[in-house]
Amino acid sequence: MSRSAAVKMSGLLVRQLRGEFTPHGGMVQIRHWSNMSTSSKTKEEQKTHQPPHTVANATNDAGDKAKKIISYWGVDPPKISKEDGTPWKWNSFRPWETYSADISIDVKKHHLPTNFMDKFAYWTVQSLKYPTYLFFQRRHMCHAMLLETVAAVPGMVGGMLLHCKSLRRFEHSGGWIKALLEEAENERMHLMTFIELSNPKWYERALVFAVQGVFVNAYFLAYLASPKLAHRIVGYLEEEAVNSYTEFLIDIEKGLFENSPAPAIAIDYWRLPADATLKDVVTVTRADEAHHRDLNHFASDIQCQGHELKDYPAPIGYH
């Protein structure tokens, strides 16, 4: 090899290794070859095998507005579709929780108050009904929203207290915990439907705060004192709810209230046809209230006859 070729080769080698030299204390040191190769390999692996959450964070930093949540715990939301294959867009309920309401139920049934407890429950509800009618008059949508904020309370309170009782006594509930929680969830879905059609005013929201604060505590104490009385009160409340929705339907049929298209949440929840209207929504809502009426009067009858709820299977899924 000529001298000039050797000089060129040594210069090339120096340029290739220049990045691996590190100054330290005025001297030049070179790393061990094994460390150099390991370090290079580690950097490449980090780039190639970057964790998913790191990639997601980098993507989000770059401006990706996707709502996907990456969690260490691996709780990924399932991908749910409708029967026709389109994506399911509701997070508050799933397709298997939807149903077709039984609108053939008798909406005119009434439990006649025969004893002191029944009369006390009946007149308690009547005394609460008239101020509500005076306040809302024929504003059915606002009345329905307030009604549902109250109607969704008893099932949750009763289910919670039965749950605690089951834990204290180490016994089953006969399915009544689930039945009451189903009732509370169903009432809440009524509210979620009506707020798609109307936006409550500030004073109506304030009224909900006040009424809910009083009613939750009052019903809690009533259920602790006498569950059969509490269920009888709810039975009469549901009777009034049925009557209110009947008046709503009458005004829709008379043309006094616009029969607007049903919101999408109602169509999916009750499996209504795509061209369903507000009249259809009110009809199925009234049917739900009639079922809640029967369930609570039945629960009160069981206890009035000296039995416990757990002794009789609860009508779970009773719509």
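Figure 1. Among contacts in the protein with a separation of 6 or more, 75% are between residues 24 or more positions apart. The structure is a predicted model. The protein has 10 helices and two strands. Read from the N terminus, its elements follow the order α-β-β-α-α-α-α-α-α-α-α-α. The protein has 319 residues, of which 38% count as buried.

**Figure 2. The aromatic pair of Phe93 and Tyr269.** By the rule applied here, the count comes to 14 aromatic pairs. Phe93 and Tyr269 form an edge-to-face pair, with 5.3 Å centre to centre and 85° between the planes. Phe93 lies in the loop between α3 and α4, whereas Tyr269 belongs to helix α9 (residues 264-269), so the pair ties together parts that are 176 residues apart in sequence. Phe93 counts as buried because its relative accessibility is 2%. Tyr269 also counts as buried, at 5% relative accessibility. Both residues belong to one aromatic cluster, formed by Trp88, Trp90, Phe93, Tyr99, Tyr269 and Trp270.

Figure 3. Asp294 is found in helix α10 (residues 278-304). With a relative accessible area of 15%, Asp294 is buried, since buried means under 20%. When its neighbours within four places in sequence are left aside, Asp294 is in contact with Ile105, Lys109 and Tyr318. The side chains of Lys109 and Asp294 meet in a salt bridge, at 3.5 Å from N to O. This pair links distant parts of the chain, with Lys109 in the loop between α3 and α4 and Asp294 in helix α10, 185 residues apart. Lys109 counts as partly exposed, at 41% relative accessibility.

Figure 4. Side chains of opposite charge can pair when their charged atoms come close. The structure holds 12 salt bridges. One of them joins Glu240 and Lys129, whose closest N and O atoms are 3.7 Å apart. Glu240 is in helix α8 (residues 227-253) and Lys129 in helix α4; the pair links distant parts of the chain, 111 residues apart. Glu240 and Lys129 are both buried. A further salt bridge is formed by the side chains of Arg232 and Asp301, at 2.7 Å from N to O. Here the linked parts of the chain are helix α8, which holds Arg232, and helix α10, which holds Asp301; the two residues are 69 apart. Arg232 counts as buried, with 2% relative accessibility. Asp301, by contrast, counts as partly exposed because its relative accessibility is 27%. Salt bridges that share partners also join Lys109, Arg293 and Asp294 into one network.

**Figure 5. Ser104 in the loop between α3 and α4.** Ser104 is found in the loop between α3 and α4. At 61% relative accessibility, Ser104 counts as exposed, because exposed means over 50%. The side chains of Ser104 and Asp102 are joined by a polar contact of 2.5 Å. Ser104 and Ala287 are 183 residues apart in sequence, and their C-alpha atoms are 7.9 Å apart in space.

**Figure 6. A nonpolar patch on the surface around Trp73.** Tyr72, Trp73 and Val75 form a nonpolar patch on the surface. Together, these residues have about 510 Å² of accessible area. Trp73 has its place in the loop between α3 (52-61) and α4 (116-136). Trp73 counts as exposed because its relative accessibility is 68%. Phe93, which lies in the loop between α3 and α4, counts as buried, at 2% relative accessibility.

Technical notes:
Residues numbered from 1 in each chain as written. Predicted model: local features only at pLDDT ≥ 70, side-chain atom pairs only at ≥ 80, totals over all residues. Heavy atoms only, no water. Patch = residues over 30% accessible without salt bridge, like charges linked within 9 Å, V, L, I, M, F, W, Y side chains within 5 Å. Areas by Shrake-Rupley, 256 points an atom, 1.4 Å probe, with all protein chains shown as cover. Salt bridge = Lys/Arg side-chain N within 4 Å of Asp/Glu carboxyl O. Helix = DSSP H or I, 4+ residues; strand = E, 2+ residues; numbered from the N terminus. Buried < 20%, exposed > 50% of the residue type's maximum accessible area, 1.4 Å probe, protein only. Phe/Tyr/Trp six-rings, centres within 6.5 Å; stacked < 30°, edge-to-face > 60°. Contact = heavy atoms within 4.5 Å. Polar contact = N/O pair within 3.5 Å; in protein donor to acceptor, adjacent residues only side chain to side chain.
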